[in-house]
Amino acid sequence: MNTKPQVLVVGAGPTGLSASLFLTDLGVPVRIVEQHSGLSDHSKAFGVNPRSLTLLESTGVTERLLRQGRPAHGMDLWRHGRVIFEGDLTKIDHKYPFMLVHPQADSERALADALAERGVDVEFNTKLETVEVAGDDQVECSLTLPSGETESYVANIVLGSDGPHSTVREQLGIDFPGDHFDEPWMVVDIELETDLAIDRVHLEWNDAGAVFMICIADNLWRIAGNVLPITDHLLGNSTAGATVWESEFHMRHCVTSEFAKGPVALAGDAAHIHSPLGGRGMNLGIEDAYVFANLVAQGRLRDYHRLRSPAVHSVVRRVEQMTQIARGKSQLSHLARQFAPLTTAAMKLGEGNLRNWVLGLDHPVNIGSPTK
Ligand SMILES: Cc1cc2nc3c(=O)[nH]c(=O)nc-3n(C[C@H](O)[C@H](O)[C@H](O)COP(=O)(O)OP(=O)(O)OC[C@H]3O[C@@H](n4cnc5c(N)ncnc54)[C@H](O)[C@@H]3O)c2cc1C
């Protein structure tokens with residue numbers, strides 16, 4: 001007889017797909033539903049960090065990502081048209097000493113394929129409408145099915161990996177406190193003729209804000225920043241070609257007040273959102289998924305909030321601090337620009353910490369010992 005709990009995973013983004021994969025490999029039965037008709041073909045995230053590559057290794061997904069992606073080996077900080085700091089990601093004692101550049105849509109496809117090979121298919125066009133905790137291991141849910149009919153479903157455990165506007169979080173009345181930056185940011189995927197190194201991330205602090213540039217495919221670059229229009233601020237000798245995609249967004253930094261309420265847990269963007277600087281969002285979601293799945297398999301979901309809350313808070317705090325400096329609106333960010341040689345010297349001194357932060361290795365991931 002199977003004594004493992006039945007888990008309902010809500011949302012087939014990178015977090016929900018990873019959680020389903022980890023749970024399946026741990027022998028926990030899982031059902032995964034997604035409101036849309038298929039996986040997203042839009043790539044927000046491009047950086048898969050060494051932490052995620054390590055966590056996904058046993059599933060075989062890492063091997064697929066490494067086959068398709070391209071490593072970024074370093075980061076250049078620019079000021080007034082020249083590089084003032086060269087960060088080297090390869091100087092780390094790790095099996096994957098780089099940030100893997102790989103489109104989120106392709107990462108999701110690799111995760112879903114691995115899941116399907118294990119006999120678990122995402123149920124598309126299936127939307128979670130309501131969720132209510134009915135007991136220690138009983139969660140009553142209602143789902144709208146592809147036919148339009150409503151299904152009542154009782155799961156032992158529910159994971160809300162349903163993104164920033166999480167229905168699960170809202171249904172449980174869990175707060176999502178935080179703050180936001182007023183100014184709009186822009187992200188553009190654009191064809192570019194350029195002399196910039198394609199295996200490095202380029203970041204400029206100019207007087208008004210920041211510009212990031214990263215090569216995401218042959219001659220295709222992602223450019224993001226808060227100095228608009230962003231394509232007027234290209235680095236190196238660069239000539240813009242066709243724009244493939246562009247979007248404007250506002251940055252928020254929020255962390256859920258509760259990572260779990262009884263048998264219902266939150267993970268990924270449903271639990272935390274922050275600036276894309278550092279490429280942590282998707283990677284942090286994969287980390288949540290790993291911890292969640294292992295705790296569920298050990299019957300220790302009660303430890304999930306205790307383990308994730310401090311780790312996530314510390315990452316989001318640091319991402320917010322780094323973004324504050326990059327966006328160029330605070331006193332500290334003006335000083336950092338004004339005294340650029342001192343800033344560069346400080347960055348050289350702290351390069352090890354900076355590298356760990358960029359690579360997502362700034363805190364350990366373990367599932368700790370059980371709460372007494
Ligand atoms: C410009 C930009 C660049 C970024 N770059 C990086 C990067 O380089 N590296 C990085 O790690 N992160 C990056 N991020 C962040 C990353 O994209 C997100 O953190 C990631 O998508 C979160 O994944 P998720 O699975 O938690 O949520 P989502 O990707 O939002 O997936 C949630 C899923 O749940 C589904 N859903 C929602 N409600 C329901 C419901 N009621 N029923 C059923 N399904 C539902 C949605 O349709 C969706 O498919 C970036 C973000 C932006 C905006």
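The dialogue below goes through some features of a predicted model.

Reader: What should I know about the model before I start?

Author: This is a predicted model, in which local features need pLDDT of at least 70 and side-chain atom pairs count only at pLDDT 80 or more, while totals for chains, interfaces and linings use all residues. Residues are numbered from 1 along each chain as its sequence is written, and side-chain values use heavy atoms, with hydrogens and water left out.

Reader: Which domains does the assignment give for the chain?

Author: Domain bounds come from an automatic or database domain assignment. Here domain 1 covers 7-72 + 100-180 + 252-329, and domain 2 covers 185-249. Taken over C-alpha atoms, the centres of domain 1 and domain 2 are 29 Å apart. Domain 1 puts 15 residues into the contact and domain 2 puts in 19 residues; contact means heavy atoms within 4.5 Å.

Reader: How much area do domain 1 and domain 2 bury between them?

Author: The size of an interface is often given as the accessible area lost when the parts come together. Buried area is the accessible area (1.4 Å probe) that two parts lose on being put together, summed over both. For domain 1 and domain 2 the value is about 1,300 Å², with 62% of it on carbon and sulfur atoms. On the side of domain 1, Phe 46, Arg 70 and Ala 326 supply 39% of the area buried against domain 2, more than any other three residues.

Reader: How many salt bridges does the rule find across the interface of domain 1 and domain 2?

Author: Side chains of opposite charge can pair when their charged atoms come close. The rule for a salt bridge asks for a side-chain nitrogen of Lys or Arg within 4 Å of a carboxyl oxygen of Asp or Glu. Across the interface of domain 1 and domain 2 it finds 1 salt bridge. Arg 70 also forms a salt bridge with Asp 218, with the closest N and O atoms 3.0 Å apart.

Reader: Which elements give two or more residues to the side of domain 1 that touches domain 2?

Author: Helices (H or I, at least four residues) and strands (E, at least two) are DSSP runs, numbered from the N terminus. The elements in question are β4 (70-72) and α7 (304-327). Of the elements, α7 gives the most, with 4 residues.

Reader: Where is Asn 206 found, and which residues does Asn 206 touch?

Author: Asn 206 sits in the loop between β14 (200-205) and β15 (210-217). Buried means under 20% relative accessible area, exposed over 50%, and partly exposed in between (1.4 Å probe, protein chains only). Asn 206 has a relative accessible area of 12%, so Asn 206 is buried. Its side chain reaches the backbone nitrogen of Ala 208 at 3.1 Å. Not counting residues up to four places away in sequence, Asn 206 touches Arg 79, Val 211, Val 227, His 233 and Arg 337.

Reader: What is the phi of His 80, and is His 80 buried or exposed?

Author: His 80 has a positive phi of about 50 degrees although it is not a glycine. His 80 lies in the loop between β5 (74-79) and β6 (82-88) and is exposed, at 61% relative accessibility. Asn 219 also has a positive phi, of about 60 degrees, and is not a glycine. Asn 219 is in the loop between β15 and β16 and is partly exposed, at 47%.

Reader: Which peptide bond is cis?

Author: The bond that joins Leu 228 and Pro 229 is cis, with omega about -5 degrees. Pro 229 lies in the loop between β16 (220-225) and β17 (238-249).

Reader: How many salt bridges does the rule count?

Author: The count comes to 20 salt bridges. One of them joins Arg 280 and Asp 362 (2.9 Å, N to O). Arg 280 lies in the loop between β21 and α6 and Asp 362 in the segment after α10 (351-358), so the pair ties together parts 82 residues apart in sequence. Arg 280 is buried, at 2%. By contrast, Arg 67 and Glu 63 form a salt bridge (3.4 Å, N to O) within helix α3, 4 residues apart, about one turn of the helix.

Technical notes
A polar contact is a pair of N or O atoms within 3.5 Å; within protein, one must be able to donate a hydrogen and the other to accept it, and residues adjacent in sequence count only if both atoms are side-chain atoms.
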